Amino acid sequence: MLKELLIISLSAILIENFVLVKFLGICPFLGVSKKVNTAMGMGFAVIFVMACASALTWLVQQYILVPFNIEYLQTIAFILVIAVLVQFVEMFLQKNIPVLYKSLGIYLPLITTNCAVLGVAILNITKFSAVSGSFIKSLVYGTMAGVGFTLAIVLFAGVRERLESSDIPKFLKGMPITLIAASLLSIAFMGFSGLKF
Amino acid sequence: MDILLPVLAIGGMGLIFGAILAVASKIFAVDIDERVPQIVEVLPGANCGGCGFAGCNAYADAVVKGEAAVNCCPVGGEIAAEKIAYIMGVTAEKSVKQAARVLCQGSLENTDTRYEYDGPMDCLTADRLGGGPKSCAYGCMGLGSCTSVCKFGAIEVKDGVAVVDEEKCTACGACVNICPKHVIAILPVTSKVTVKCSSKDKGKKTRTVCKTGCIGCGICAKNCPKEAITVENNVASINSELCVSCGICAAKCPQKCIISTRVIKKAAVPNSTDDNRDDDAPPKIQVAKKANKISGSLSNN
């Protein structure tokens, strides 16, 4: 079991990296990656929300959607769950852990509309619904997908900080060079698909 | 009837989640001091950081916590200070409006250039090239770093020297911080007389590089009735707390580097003693006005 979880973690972080391989959550990846510090903040917020969302959506799937035979409503139900979850977590943090609330700041509510979170919830179901111990596997996969997101966005923020001060041709300045850099990073991560266990 | 189950399931989920959030908003309600948003509303909202805090919100927070005075916002000035004081229930200490002033008259007419500068229009870059293109090492280079950093459009370069529009200036200090030559100072607008030179060169050198540079002769200091002027490092400086803006120094300065805005306005009247009398009158009126305002805000409370 432990070995299995390890493999799931590794594949979620590197081989199936959400941003660079599955191309989910590109919006925050490009939007909040100008500075390493803010990228870290966004990354940790995503880890947190993805872990919570994985657990909660698994419960919704198992105890509401499957018994009533309405799996086709998965998307809308999961969006509902994620939105409520983020709102709830925001309120909870503001009251009980104001330090964390302040450091996550605006990124927490932004995650409501992050497709990577919905993606991880749906992937969890398709991947693990038929295997044993699916709850713990979903939880680990969700958390590690968040870690992969953090890794990608922090790496990319480092690249962009360097780009700021380098001499770039005028027509490539700004978004063009950013997208090129992102694609190069993505190609690098594609290399992990050769990793076999 | 097949539609009923999904509708009930999703609708029920929505209802339950809504209820949970409603309850949670009560349980996790954070007591935000209602004065914070009130103060934020009064503040200009430029988030310039002129008060020394991270932005208008941070300043409002600090005021409510008692960590900051009510009159720290240079942008909002006296009006904002009074409103904040009213919200906080205290009396505002009077704060004199301040504005940035460029202490240099090194226009293209008054001074020369040592070399032709063809780099980016940025004072910091030019300063690294042997201290800038102007022949005076202490003067304004006129490349407009202050103009680009000013959020209020209050400073512009005219004839090779930066000029501040005191009406628009909010004394946030952004230009003071960016100027590599340190020729911009924040001064109260009530002090009308300024030494418009920052050159620490000896008199002879100053005279060769600029037509209106301060040579440190000390005539102004000798003639000042209030002893508000000191000459240090070959440049005169006026203590704005002692200065009564009489304009005698401006009249006596052989280099014409002390500028009195009051004298310029009344250039037709050469007699400086007349100016003196005029100068004494306005401050009294201002004091009276301020007293009225303060008593007014007290009665509001």
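Chain B folds into 12 helices and eight strands, where helices (H or I, at least four residues) and strands (E, at least two) are DSSP runs numbered from the N terminus. This is a predicted model, in which local features need pLDDT of at least 70, side-chain atom pairs count only at pLDDT 80 or more, and totals for chains, interfaces and linings use all residues. Residues are numbered from 1 along each chain as its sequence is written, chains are lettered from A and ligands numbered from 1 in the order in which they are written, and side-chain values use heavy atoms, leaving out hydrogens and water.

Of the 301 residues in chain B, 40% are buried (under 20% relative accessible area, with exposed over 50% and partly exposed in between; 1.4 Å probe, protein chains only). Among contacts (heavy atoms within 4.5 Å) with a separation of 6 or more in chain B, 58% join residues 24 or more positions apart.

Confidence comes next. The average pLDDT (the predictor's confidence in each residue, from 0 to 100) is 80 for chain B, and 85% of its residues score at least 70. Over residues 263–301 of chain B, pLDDT stays under 50, and the model has 23 contacts beyond four places in sequence for this stretch. The model scores are ipTM 0.73 and pTM 0.54.

Turning to chain A, helix 3 (residues 36–65) gives the most to a nonpolar surface patch, with three residues. A:Phe135 lies in helix 8 (residues 134–164) of chain A and is partly exposed, with a relative accessible area of 31%.
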